[in-house]
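This note is intended for a colleague who is meeting the structure for the first time. Please read the points below with the model open.

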Amino acid sequence: MKRILVTGGAGFIGANFVHYLTEHSDAEITVLDALTYAGNLESLRGIDKSRLRVVIGDITDAPLVDELVAVTDAVVHFAAESHNDNSLFDPRPFLDTNVVGTYTLLEAVRRHGVRFHHISTDEVYGDLELEDPARFTESTPYNPSSPYSSTKAASDMLVRAWVRSFGVRATISNCSNNYGPYQHVEKFIPRQITNILHGARPKLYGAGANVRDWIHVSDHSSAVWEILRRGTLGKTYLIGADGEKSNREVLQAILGLMGQDPDAFDTVTDRPGHDLRYGIDSTVLREELGWSPVHRDLAAGLDQTIAWYRENPWWWEGAKAETEDRYLQQAAAQASMGPGTGGDKA
Ligand code: NAD
Ligand code: TDX
């Protein structure tokens, strides 16, 4: 696998994966990214230019995708609309990119016989009860809740169908919540860190009891690299680092690490349909491929992440005001829709 095409390589996880590849392989990397609001070429700053080509373009552009796939050995597909909150207010781009974009890539890899790895999420499985000892496994039935997760579920199904019907050489990974450098300030952890750095109070949805299973983004990268090289074709792997914590616990850890009072946050209206809990059982990946996470201490990982945002305001400042404006618009839209329109599962 000398030539690797990384879609969404200017986004959070894609960019971290490109950095990982330059450090752990001698692959020649092509990034295909549309540079939506979530893409930032500055996330690729410092990478050896002789090994990296960046193509600004859309994964739904079939002729462009075909041209790039024709000259690659493998595609690692990160590009997506990735934010649940946005999907609740404007689902259309999620259908275009996550469903039609994945379809466009699958047709190209099918034509050219190219290896494909599809990046997906644990959210395709829906959610778990808070006190349930169960965790998601590769055989958990799909039960997505949001427009985002339903389009990711659809994309996974397309990959499975293209494997079975057309013999496409593909693998899928469904990972839990990532944190680390280069994550957009719309997401939970960077939003709270940058609020505190700006002197604004963090925002917790509802009571903050919802649980997410956190993994450092570099552990996600190492897992994907193992699956790409040694994974069984046609198979799905769950990626997780045993990092379950409630949102309140994570926020209070951030506040403590940043020298703030543990109660210095606001609770705001809950996300409609808000998934309660995610939890990943990654036994298959660990036993079959011998993978294990390096970052096992969430507090230490949060501390490093806080330091990164503190030291790199040039990277995130430009997106902060527009992101908070978007949250204000979404809150106003939610309020004007009135009770009962939130789709709450209860
Ligand atoms: P992100 O929003 O930070 O980045 C997405 C990237 O895709 C951006 O660079 C954007 O410009 C690009 N993009 C969007 N639409 C495109 C299009 N039509 N054509 C080309 N490029 C396009 O997302 P992320 O958090 O890095 O997530 C990457 C992938 O990982 C997604 O597939 C997501 O579903 C999956 N995932 C994310 C998490 C998480 O915690 N963030 C967890 C599990 C899985
Ligand atoms: O301001 C906030 N306050 C808050 O309490 C924000 C932005 C979020 N939250 C809560 C909602 C979630 O329970 O924090 C939790 C994490 O929220 P997000 O960062 O939006 O992540 P989530 O919705 O869990 O989805 C993420 O993980 C799975 C990624 O965005 C997805 O792309 C991935 O598939």
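Which residues come nearest to ligand 2? The points below begin with that matter, after a word on conventions. The model is predicted, local features need pLDDT of at least 70, side-chain atom pairs count only at pLDDT 80 or more, and totals for chains, interfaces and linings use all residues. Residues are numbered from 1 along each chain as its sequence is written, chains are lettered from A and ligands numbered from 1 in the order in which they are written, and side-chain values use heavy atoms, with hydrogens and water left out.

1. Ligand 2 has 21 residues around it, and Thr121, Glu123, Tyr148, Arg271 and His274 come nearest. A residue is counted as near if one of its heavy atoms lies within 4 Å of the molecule or strand in question. By class, this shell holds 6 nonpolar, 8 polar and 7 charged residues. Here Ala, Val, Leu, Ile, Met, Phe, Trp, Tyr, Cys and Pro count as nonpolar, Asp, Glu, Lys and Arg as charged, and the others, Gly among them, as polar.

2. Oxygen atoms of ligand 2 lie close to protein polar atoms, at 2.8 Å from a polar backbone atom of serine 82 and at 2.8 Å from one of tyrosine 205. Asparagine 247 places a polar side-chain atom 2.8 Å from an oxygen atom of ligand 2. The protein buries 94% of the 660 Å² that ligand 2 exposes when taken alone, with areas from the Shrake-Rupley method and a 1.4 Å probe. H6 and strand S8 (203-205) are the elements giving two or more residues to the shell around ligand 2; helices (H or I, at least four residues) and strands (E, at least two) are DSSP runs, numbered from the N terminus.

3. Ligand 1 is surrounded by 28 residues, the closest being Ile13, Asp33, Ser82, Tyr148 and Lys152. Its shell comprises 13 nonpolar, 12 polar and 3 charged residues. The largest share, 3 residues, comes from S5.

4. An oxygen atom of ligand 1 is 2.8 Å from a polar backbone atom of isoleucine 13, and an oxygen atom of ligand 1 is 3.0 Å from a polar backbone atom of phenylalanine 78. Of the 830 Å² of accessible area that ligand 1 has on its own, the protein covers 96%.

5. Helix H6 (residues 188-197) packs against helix H11 (residues 313-337) at an angle of about 105°, with axes 11 Å apart. Axes are lines fitted to C-alpha atoms over the stretch in contact, and angles run from 0 to 180 degrees between N-to-C directions. The two helices, H6 and H11, are therefore roughly perpendicular to each other, a term for angles of 65 to 115 degrees.

Technical notes: Polar contact = N/O pair within 3.5 Å; in protein donor to acceptor, adjacent residues only side chain to side chain. Parallel < 35°, antiparallel > 145°, perpendicular 65-115°, else oblique.
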